[in-house]
Amino acid sequence: SGSVKAGKMPEGEKMRQCKQEEEQQQQQKEEEREGLIEFYSSYQELFQFFCSNTTIHGAIRLVCSKKNKMKTAFWSVLFFLTFGLMYWQFGILYREYFSYPVNLNLNLNSDRLTFPAVTLCTLNPYRYSAIRKQLDKLDQITHQTLLDLYDYNMSLPQRDWSTSSTQRRSTRSLLHHVQRHPLQRQKRDNLVNLPENSPSVDKNDWKIGFVLCSENNDCFHQAYSSGVDAVREWYSFHYINILAQVPDAKDLDESDFENFIYACRFNEATCDKANYTHFHHPLYGNCYTFNDNSSSVWTSSLPGINNGLSLVVRTEQNDFIPLLSTVTGARVMVHDQNEPAFMDDGGFNVRPGIETSISMRKEMTMRLGGSYSDCTEDGSDVPVQNLYSSRYTEQVCIRSCFQLNMVERCGCAYYFYPLPDGAEYCDYTKHKAWGYCYYKLLAEFKADVLGCFHKCRKPCKMTEYQLSAGYSRWPSAVSEDWVFYMLSQQNKYNITSKRNGVAKVNIFFEEWNYKTNGETPAFPVVTLLSQLGNQWSLWFGSSVLSVMELAELVLDFIAITVILAFRWFRTRQKQSPPGPSLSSQDNAAFQDEAPALSAPHRFTVEAVVTMLPSYNSLEPRGPSRDGEVGHE
């Protein structure tokens, strides 16, 4: 037995123990030191850290109430339900933003107004001297046709029917083509099976029209419910063919301005030939456009009837074509400069013996292009060639589209529209089946089979004039004698029917103000961000930095998923190492010894290793007492 003094520890042992403690503390500090990129060891740790430190309201309750499962479930459902409602509102906001709504701004401006262009037509198609004989022959054929169909003896003016050999050949050719496209009556669809002499068939049960055939003798009956419409359309069809046979017929100028316009004044000043241009319309006759770009543009300094355009026009019909024009008077259209006058669309008729006062109000419309509408700035992005020598309008594009399709499908151009390069106008002496092709194409055009109404878009900037008209008798019963006398002295005015011989037109601005309709984005990006922030604050009471915290959570989640997937892949590789391959000789030897020796049994031995206690655990837990001796 011996005694050992345990009051003090050897000096070397203390030094060694202190050194170990310092190394352990240094290692612990290095482990606790924050790295440049830190990842969490599990999803639970990531979620707990996020809920404990985020500024999003309600997230902390998912951690604080984890010991109460009912509260945890309640706050979890509430939290994710709130998220769902917020993103539902986000979807509504994004849908509204990508619908590109606009606000309509209405502005009233007051300034000197540019007077628009005014086109006035006689409503009397003119008999050109170059085609007068052919038109006379067409009138004779029409007279005989009406006599055969309706027993109507149309009166014809007495003319000199003597013709040259060339004109006789031309009239024979006209007769041949008219007989090829005759005006006929046809039973209505519900009476087709009844015989013609059936007492059930009345004159009103017939449709009238004319026959059109293709080059393959595929014919159809272009029928009309009104006999007047049928005769006018049939006569117009042959009239267009006659005009197309005359080279440069549209350039013929046989107008008589002084015989149509008796008086012209603008802003109380007399206007003359320098203020108008002339063109001929196949159906509306001689047309005159005032205040176009050929001269200085008029400006209206004041509103009112005395500061506009005032015209006295002749409305009597002499030596014109009654089968084309069934209306007496004149036709007026107000349009902007650099825009063609489409008399069919925007014009209206002026009655003879009436003073028509037309007041105008200017209105400008400016649309937003791009994603907000399908308007076009100048038509350069529209897949239709502009055939008119004017700026782009929707009607210009639509007519150009039809004309281009006409040239492509029928091989010739329609006479009413401009001629494309390299094409010629349709004439049944050269294009026998163009009428058949035209009416078939016209039906497709109206049904938008050609796609012209989709291709031609509205311009982003356009000017319109809102018109309102007032009518009064002119001249009055007490003043008509001296008015007609003065006109006869000044203009050699000589008419048989005074009441239907003249008309007066006044065109003026109603007021100095003009309206501008503009569009602005109703939901710009700034408004979208503001609305998203309002929804985020409403449901979670947080800010932009809270959104960054949520983005950080998503990135950390992705990083942890990648790390865990990599570890799992590495673990699978370590758990299934490839076994050693046996050679053919070893395999044969093993098969020879197999019957004699059985395979040894393999046992798995699990060893439980218990770590020895550390040095500190061997020291007494009570207070040390010097001089205390242990005896063995």
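Residues are numbered from 1 along each chain as its sequence is written, and side-chain values use heavy atoms, with hydrogens and water left out. Because the model is predicted, local features need pLDDT of at least 70 and side-chain atom pairs count only at pLDDT 80 or more, while totals for chains, interfaces and linings use all residues.

**Overall make-up**

The protein chain holds 16 helices and 20 strands, taken as DSSP runs (helices H or I, at least four residues; strands E, at least two) numbered from the N terminus. Of its 632 residues, 38% are buried, where buried means under 20% relative accessible area, exposed over 50%, and partly exposed in between (1.4 Å probe, protein chains only). Among contacts (heavy atoms within 4.5 Å) between residues at least 6 apart in sequence, 72% join residues at least 24 apart.

**Annotated span**

An unreviewed UniProt entry lists residues 73-94 as "transmembrane region"; such annotations may be inferred rather than shown by experiment. In the model this span is 100% helix and 0% strand, and its end C-alpha atoms lie 31 Å apart.

**Five-stranded sheet**

Five strands form an open antiparallel sheet in the order β10-β11-β4-β14-β15. Strands β10 and β15 each have a single partner strand, so one side of each is left without a neighbour in the sheet. Neighbouring strands are turned by 25° against each other on average, direction ignored, with axes fitted to C-alpha atoms. Two strands pair if DSSP finds at least two bridges between them; β4 and β14 have five, in the antiparallel sense. Cys 121 stands opposite Arg 331 in β14.

| β10 | 276-281 |
| β15 | 348-350 |

**Helix α15**

Helix α15 (residues 544-575) has 32 residues and should span 46 Å at 1.5 Å a residue; its end C-alpha atoms are 47 Å apart, which agrees. The expected span is 1.5 Å times one less than the number of residues. Its buried residues include Ser 546, Glu 549, Leu 550, Leu 553 and Asp 556. Their cover includes α2 (43-53), α4 (69-98) and α14 (525-540).

**His 454**

His 454 lies in helix α12 (residues 452-455). His 454 is exposed, with a relative accessible area of 66%. Its C-alpha atom is 9.5 Å from that of Ile 398, 56 residues apart along the chain.

Conventions
Axes fitted to C-alpha atoms, helices over the stretch in contact; angles between N-to-C directions.
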